[in-house]
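I opened this model to look up its confidence, its interface and a few of its strands. My entries follow in the order in which I made them.

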Protein chains: 2
Amino acid sequence: MNADKNYQKKLIRTSYSKDISVDFDNKNITVIGWIVSMRKQGKIYFMMLYDSTGPLQIIIKKGISPDDILAQAETLKEHSSIAVRGTIKKNEKAPNGVELHPEEISVLSTTNKIPPFSLYGGQLPNIDKRLDIRAIDLRRPSAQSIMKLRAKTLQSIRNFFIDKDYLEVNTPKIIATATEGGSALFPMLYYDKEAFLTQSPQLFKEQLVLPFEKVFEIAYAYRAEKSRTLHHISEFISVDMEQAFVDYKDVLKIIEELLINLKDDLLKFSSEHLDALNSKDWTNFDSIPAVTYNEAIDIIKAEDPKIEWGDDLSTKSMEILSKKYPYFYYVTDWPSAGKPFYIKCEGDYSESFDLLYGNKELASGGTRVSDKDELQNRLQQKNLNPNGFEFHLRVFDYGMPPHAGFGLGFERLMMIIANQTNIREVCMFPRDQHRLMP
Amino acid sequence: MNADKNYQKKLIRTSYSKDISVDFDNKNITVIGWIVSMRKQGKIYFMMLYDSTGPLQIIIKKGISPDDILAQAETLKEHSSIAVRGTIKKNEKAPNGVELHPEEISVLSTTNKIPPFSLYGGQLPNIDKRLDIRAIDLRRPSAQSIMKLRAKTLQSIRNFFIDKDYLEVNTPKIIATATEGGSALFPMLYYDKEAFLTQSPQLFKEQLVLPFEKVFEIAYAYRAEKSRTLHHISEFISVDMEQAFVDYKDVLKIIEELLINLKDDLLKFSSEHLDALNSKDWTNFDSIPAVTYNEAIDIIKAEDPKIEWGDDLSTKSMEILSKKYPYFYYVTDWPSAGKPFYIKCEGDYSESFDLLYGNKELASGGTRVSDKDELQNRLQQKNLNPNGFEFHLRVFDYGMPPHAGFGLGFERLMMIIANQTNIREVCMFPRDQHRLMP
């Protein structure tokens, strides 16, 4: 089987799979796609062809297929791409209720190897084997569903902000100063200077409320995670929003609205992918309950008396909370001590929150410090050198409005939406401490 | 003038500027925004307040304003944020035909300094002075227009692809191998390994046509440009598309459609910003003419006899071409020798194109090599070590379909759309050899 180098002069696509319905009965069409499966049952070849829109069943058999097609069928291999001209016939059992009877097949790409694991059933090898040939692995139907949900989720979140007049902004990812102190930063050489990859657009998005009032950004951020877990990656997408003239309680409402809108979008437009991944449970919410940190500690203490006020919430703590709050929930008003310098604090408590689901932290946010003196004091309390933040502090001289916002780990959210326990499954080419390839 | 720390309990926004029309005559409303200008003419204060949706004129004068407001007016400074409750009155000369007569003003942020340049008229200092306090600089009306056009352009391009069933993909920006050889890459330390920031998602997007057929990505890419010019930045947004089963001629049509769709969107939704920037000239096109490289050389030779076949097109060469093709134009079928290893070549010519406008290169693309042996040969011809590309080559064993695509420099396009001669003007926080701040 050799690929036909001049295929485009021979067969021109007339239809995509998803558009071919029973109305096409007896129509002559041309489709282009890749062979997902090729089975011979007795004297009949059953071929499943996929294009970007989905499957089409192709039948080759004596009596209906020309001799040259019958001969060619013997040579066709899974994963090859082909163009097929033929006649559509109704078949209730096939996808979309139709099958294609080929009259001409042009081979567009050939396979030299059989993939080391079956993409369409059977035991999957561990994720590292699959990531090594990720482009092939992504042909698996569940990977297709994950990535289609991923794209639709990005689109829904973006449209939510755009519809509400937030300006999409693009902040730099190469920075000279560590946002929150400096651990877990990737160092780089920027011409002849040391620089870092950003962990968060925090300071930039805060600055941008001054000219734009309401901003959002969906972009990569980087964290040098020293531990390899199921929910950490080194390169992740951060969904960031920042808004002037609001406080953290307003932000709680905005996230709630965003997630309800997302749920509605996915149920409406991507229901088949949620079903394919058995992932509709998370959609059973219509509000996001909020519990204060103090209340949370009380709830946890009833099951785990060792927890003390001031402790961060461990996996175990979150599991206890999630019994009471089984979907998305907020923990608000955290102790000031654990919060970064830019979060507004009043005594022991901060105007802050985390968004949680089960035992996972998805987002955090809060009211920001908008007064320059207060911000300088906070930097000093945190043992950060205000000189390193001069580029940021200087903006606060010119009428920085009060503001609040949040940052959400997009892949963490996708783990819930796509019902995945390993964050790598929701990334196309994940990066972690041990993986820089492909 | 001190900021009121508990403002949110006092005045709740009822309206955004853009929604306040003559229908609001005599209504009592509350707006929140920042003071763009404050002028006293005789005994009348004219204040222009901006929020994220635009301007609102505020009038304070004896006879209509309470005494405490008259006293407060004396203390209000440009750039401060305020909340204002008052009554709307018709005024034909004001923006939207209305003005606000305040009854209560709460100061939300104060200014400690006067910006070193006026944002609303007068001579602007050079761009470096402005970039040092970029967040303030972005309050300038023309910067507002540029950034609103920028966001709308991103949105239009994304929607174009989504409407045509392209899957949005996210490829890694931290890579182990240089895509096209390695010059102009930023090195970084990835845990204990050397890595690089990507110059282009080229290899990843090619791989992703195997599972997804049609993909696009809009994301940062990085290039260590050693020269400081008006049209190079180190961190830029690359608009990338890749598609199976098409060749470069199909891609020419797709870009044409994309740019016509963009022009229509901007004329429809952002006309006021194009007008503000005096930037409608570029919209006078309904097709993108294509000239082959050979034809281009003939055209240039008539004015510049020194040019030879095989030369790249200099600024001067492009200026000659743009006399004949005053808007977007393609130069196609470039000599093979100058093209990267992944571009399909046949003898001296390649299936490639550049998209140009005036003397600027905006995008390039072409049919890609989809055969593994041919790709290996091309790597060797270019003195690249195939071992470094093993992670990429291995995908070609599994039925890599024929494909083509393009990459477009988003900020270059924005220079045309926003009528700017310095690429830094279309970035929020540009990065170049000498600028890593703010």
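**Confidence and conventions**

I began with pLDDT, the predictor's confidence in each residue from 0 to 100: chain A has a mean of 94, and 97% of its residues reach 70 or more. For the complex, the predictor gives an ipTM of 0.96 and a pTM of 0.96. This is a predicted model, and I kept to its limits: local features need pLDDT of at least 70, side-chain atom pairs count only at pLDDT 80 or more, and totals for chains, interfaces and linings use all residues. Residues are numbered from 1 along each chain as its sequence is written, while chains are lettered from A and ligands numbered from 1 in the order in which they are written.

**Interface**

I looked up contacts between the chains, taking two residues as in contact if their C-beta atoms, placed from the backbone, lie within 7 Å. On this count 80 residues of chain A are in contact with 80 residues of chain B. On the chain A side, helix α5 (residues 141-163) gives the most, with seven residues. Helices (H or I, at least four residues) and strands (E, at least two) are DSSP runs, numbered from the N terminus. I then sorted the chain A side by residue type and found 44 nonpolar, 19 polar and 17 charged. Here Ala, Val, Leu, Ile, Met, Phe, Trp, Tyr, Cys and Pro count as nonpolar, Asp, Glu, Lys and Arg as charged, and the others, Gly among them, as polar.

**Core**

The largest nonpolar core has 247 residues, and L208(A) and L208(B) touch the most other members. Such a core is a set of buried Ala, Val, Leu, Ile, Met, Phe, Trp, Tyr and Cys residues joined through C-beta atoms within 7 Å. I call a residue buried if 20 or more other C-beta atoms lie within 10 Å of its own, exposed if 12 or fewer, and partly exposed in between, with C-beta atoms placed from the backbone. Not counting residues up to four places away in sequence, L208(B) touches A135(A) and M428(A) in the other chain, and V169(B), V215(B) and E242(B) in its own.

**The eight-stranded sheet of chain A**

I traced an open sheet of eight strands in chain A, ordered β6-β10-β11-β18-β17-β16-β13-β12, with mixed pairing. Two strands pair if DSSP finds at least two bridges between them.

Within β17 (residues 360-367) of chain A I picked A363(A). A363(A) is buried, with 25 other C-beta atoms within 10 Å. Beyond four places in sequence, its contacts include I255(A), D354(A) and F406(A).

**Strand β18 of chain B**

How many of the seven residues of β18 (residues 403-409) of chain B are buried? Seven of the seven are, so the strand is largely enclosed by the rest of the structure. H403(B), G405(B), G407(B) and G409(B) cover one side, and A404(B), F406(B) and L408(B) the other. Q243(B) stands opposite A404(B), and S364(B) has G407(B) as its bridge partner.
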